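Subject: Structure handover

Dear colleague,

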Amino acid sequence: MNTAVKMVNITKTFPGIIANDNVNFEVKKGEVHGLLGENGAGKTVLMSILYGLYKPDKGQIFVNEKEVKIDNSAVAIKLGIGMVHQHFMLVPSLTVAENIVLGREPKKYELLLDIKKTLKDIETLSARYRLDVDPKASVCDLPVGVQQRVEILKALFRGAEILILDEPTSVLTPQEVEGLFDAIRALTGQGKSVIFISHKLKEVCAICDRITVLKKGKVVGTVEKKETTPDALAEMMVGREVIVALKKEHVEPGKPVLKVQGLNALNDRKLPALRDVDFEVHEYEILGLAGVEGNGQTELVEVLTGVRELRSGNILFDGKPVTHASPHERIGMGISCVPEDRQKNGLIMDFSVLENLMLGRHDRPPFATKWFRLNLSKATGFADRVIQEYSIKTPGTGTLARHLSGGTQQKVVVAREFSRKPRFIIASQPTRGLDVGATEYVREKLVEMRDQGCAVLLISADLDEIFALSDRIAVIYEGRIVAVKEAGQTNELELGLLMTGGKR
Amino acid sequence: MVSVIDIINVGLFAAAIRMATPVAYASLGGIFSERAGVVNVGLEGMMLMGAFSGVLTSYYTGNPWLGVGVAILVGGALGLLHAVLTVKFAGNQIVSGTGINLFAVGFTAYMSQTIWGSRGASQSVQGLGEISFSPLKGIPLIGDALNTMLSYKPLVYVMFVVVILSYIVLFKTPLGLRIRAVGEHPAAADTAGINVYRTKYICLILSGMLAGLGGVFLSLSNLSLFVLGMTGGRGFIALAAMILGGWKPIGALGASLLFGFTDALQMRLQSLGLLPPQIMLAIPYILTVIVLAGFVRKRVPPSDYKPYLKD
Amino acid sequence: MSLRKFGSAVRRLLRGTGSILWAGLRGAVPQIIAILAAFLVGAIVLAATGHSPIDAYSTVLAGAFGDSYHIGQTLTQATPIIFTSLAFLFAFKCGLFNIGAEGQLLIGGFAAAVVGISFAGLPVYIHLPLALAAGAGGGALWGFIPGVLKAKFGAHEVITTMMLSYVALYVTSYMVNYPFLEPGSWVPQTVFVAPSAELPRILPPTQLSGSIVVALVMVSLTAYVLERTTLGYEVRAIGLNPSAAQSGGINVKRGMILALVISGALAGLGGAGEILGVHRRFIDGFSPGYGWDGLAVALIGGLNPFGVVLASILFGALRSGGMEMNRALGVPLDVVFLVQALVVLFVAAPRLIRYLLKRGGYRW
């Protein structure tokens, strides 16, 4: 029995798109098989089918060379398939132990939870696969890297022989990635098979034995690692070079536009999220803030836009204190923000493109008149102009935001925020989830704004992006700014160390 | 002259426990529903239908315990309806709950009129007897007080048992763990192999059954007849008790006792004629509003109330 | 402008209106199916309890639209429902559930009565608007309390508006039974309001009053505010996505309070209309549940101010026709409330309707 999983002629469509088009995919026992492709190529869909979350329109699945029908996750789990999702499936208020045994709880007297046995079982697994966790800790208190270990233990606890990892490194620092690779090698050493979904070429080349490339729902090819190179894979993924070198000239930074001093803030769970944060952003400059997600970036954006209160500290804008200004006032002063979650904070999905473009200035001239009346004709004129200027692909100004593609949605947000001619832009994970074309567009626009004199704070977990765009780079770790350097004077390894709290 | 001892005495506390009982049942129902991620504002209607069907059954069969059984079934059926509308068909939870409330009012009024010819009240029926500790009266000094404090209708004792059972189920059994997971993060529960829909259905049916039990307590234990609208907003007060109790059974019991105490106090004051009846009657509702204003800020609901939609 | 150009312009206008109507009707299919389904279930209940559904429904129809008198009475019953459904709708657009319209209606009616009784010497063009304003103000206060509690303390408005409804019931009942009781009367009612505070009857001998004019004005005003003003924009934004609204500079807390205040004011105005137009005095229990009708009507009206008018007339017809049915056939009036509740249940889940349509489609 050499083949762990075989998926034959799998086709899956959603309204409007063919997510998987006659896909053939095979994993050998004990190998690490990479599933490579851009955002939206169909990798997660294919694996969701394997894990029983979706049902294929056509095709067959073979596990251990027997044909199976996987109707739901419970069936997949019984077949020995485990999945660690990109967005963790952990219940925040429950403990590590409770999350791991959820659905397969050891019982005492048939009815009650057997806590002692639970803790013992977890300790055993934890030791065997070098995945260190505290079973009694609440998941919501754990850092992201540890949460991932819990997810893997969850799959192993159910007897997973085939482990699917969906973009596992997107939330890890370079050092933590090495730790994950160690664990993967331990797993395959014990005979388990691993499917490694990623869009990151370098990592896939580092850990995988074989690699299957998906592009727009179709399989482009399956290759042995030894017989290929990152460049060849990149061409298979896109058909052209993935990373386009961005044209960025050096511009002299001007005077400071934003200055923050001693910022202290709490997060939603009343724990410190920002600790004594100090930095400045100048005109004609992009300051890149690197850091693993969950180290205070979200709270920093909220504090700068006025949505979250500070415990202490000052924010100065053009020398004037704005620490207690409302979001409304800050918009008026020229602060714009591209939020990290465009569906939650950036757009109102059930508003039209026109209404979304007005948001933020909807109660000021020219959109509103003296008596709170909306001036829709002026607004429509503005919207038409902006749609042209930013090449927003929409059937009309009346289309609901919900019906636009992810990249187009982000363009609407960018168009709205940038067309205000702001003095200061906060861009938080601005290219997340976007395809290559949209990513390039957003990055170009950020540089354009900088060239026009804007001060830009770029917050990103993607080190490639940080290096491509930043003039200066700062690192945030556990709510503190641990370093600020010129872009030319540092590298990925050093940043990776700082992002995990190591000293340089 | 009215003295303090006329108002505050053992009888008041006993009355408080009696008045707290229906609210406690309903708030337990609310807890199961909300812990599974579904808002249930239809508790009021489920209680009312429970009250009505209990009396109806006792009227036709002469057996009040059968009435209790039917009330539980009817409550459960309405819980199932709420589940079908909000889980299977992803309907708006508040609209569905309000629809159940309106249905209960209209249906019970219509049937009351049709069967007993009166919209106001039904005829008297066999009620549930009281368990009495009258032998205790013999004990000198505290005998009377003990008797008053310990003698209740059976459903009151059952309520305490149900509270403890609810606590055990929610926090000490696998089912309870799954319920809490389904409510807080349904996708996580789903990928762990738990049937999210079935868990929600179970919780909503349970919710309705408990509400029905609370309702039939009102009609068969307290009064032995059905009066139009006799639940008087207790289904909503139960929601407030649930929130005040932090979505935990023991906490909800405590909150229900608080409301029960106010209710009992208000009735006591009314019978002494100290203030106009309308003002007295308004007190429990004003108290609920104050409680929600003063104490709710610290409470965060445990669940994600969006309907769980899969492929 | 030649005759031909004029003719083509008229044709374009008709086609435009027709397509809007057609689009509106197509959008209303789930609501129409819900109403029919509710009537069907109601018919079953009637039949099961020994009444003929056909007789009952036809009596309701005749009682509602039989002649100009009955039509007038139907419209009279519809009027307060227009107000309370606008109230529910406005709060709903902000993501809030105001189920206390009944209480706000009572407070508004009482406030209007008090102003109408006092200030007797004022001319009608001051006294009447003042009384109406008092009604709106009373309802606004009754919406302000849950609004503030929600904004400042996060208190769920479903519970607070419900509780305040009970409080309103008891407070107004107390007022009309004691301090404001008409001297020498056994019925809990106040004295009549001054003639200068009355809303004129516009269709004697029915009770239809100027209140319906106020109602229709409010319908247009509500639609205008929601779609064409910054306030309406902000209210809708908060209702759809409070996070994005806040990031967009909207003061979410203030918006929620305003929404509930306006919501309460609309319901209060409805109460004022009833008192000043129909009864001309405050009577304990004058509202047979108009607040609850408002909720159902708002949902059936597709949460659209103009659909609300149609649905209000439907419910007004059920009420006035229902009274006729009760009088003539002895069928309890509550079957009407039962049908209304069933409509709410069917409307709660639009997917249910789609499911029923699919199943039905297979049959024939």
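Helices (H or I, at least four residues) and strands (E, at least two) are taken as DSSP runs and numbered from the N terminus. By that numbering, B:Ala90 sits in the loop between H4 and H5 of chain B.

Residues are numbered from 1 along each chain as its sequence is written, while chains are lettered from A and ligands numbered from 1 in the order in which they are written. The model is predicted: local features need pLDDT of at least 70, side-chain atom pairs count only at pLDDT 80 or more, and totals for chains, interfaces and linings use all residues.

Confidence

The predictor's confidence in each residue is given as pLDDT, from 0 to 100. Chain A has a mean pLDDT of 86, with 96% of its residues at 70 or more. Where pLDDT is low, predicted coordinates should not be read in detail.

Contacts between chains

Two residues are counted as in contact if their C-beta atoms, placed from the backbone, lie within 7 Å. Between chains B and C, the contact takes 37 residues from chain B and 39 residues from chain C. On the chain B side, helices H5 (93-116), H11 (234-244) and H13 (277-295) are the elements that give two or more residues. H5(B) gives the most, with 14 residues. This side of chain B divides into 25 nonpolar, 11 polar and one charged residues (nonpolar: Ala, Val, Leu, Ile, Met, Phe, Trp, Tyr, Cys and Pro; charged: Asp, Glu, Lys and Arg; polar: the others, Gly among them).

Between chains C and A, the contact takes 15 residues from chain C and 23 residues from chain A. The elements of chain C that give two or more residues to its side are helix H9 (230-240) and helix H10 (242-247). H9(C) gives the most, with five residues. By class, this side of chain C has five nonpolar, nine polar and one charged residues.

Helix H10 of chain B

H10(B), residues 196-223, has 28 residues and reaches 40 Å from its first C-alpha to its last, close to the 40 Å expected at 1.5 Å a residue (1.5 Å times one less than the number of residues). A kink of about 30° is centred on B:Phe217, the bend being the angle between axes fitted to the seven residues ending there and the seven starting there. Of the 28 residues of H10(B), 23 are buried (20 or more other C-beta atoms within 10 Å of the residue's own; exposed is 12 or fewer, partly exposed in between; C-beta atoms are placed from the backbone). Just after H10(B), B:Ser224 takes a positive phi of about 70°.

Backbone in the loops

B:Ala90 is not a glycine, yet has a positive phi of about 50°. B:Ala90 is partly exposed, with 16 other C-beta atoms within 10 Å. C:Phe119 has a positive phi near 55° and lies in the loop between helix H5 (101-117) and helix H6 (124-153) of chain C. The peptide bond from C:Pro204 to C:Pro205 is cis, with omega near 5°.

Regards
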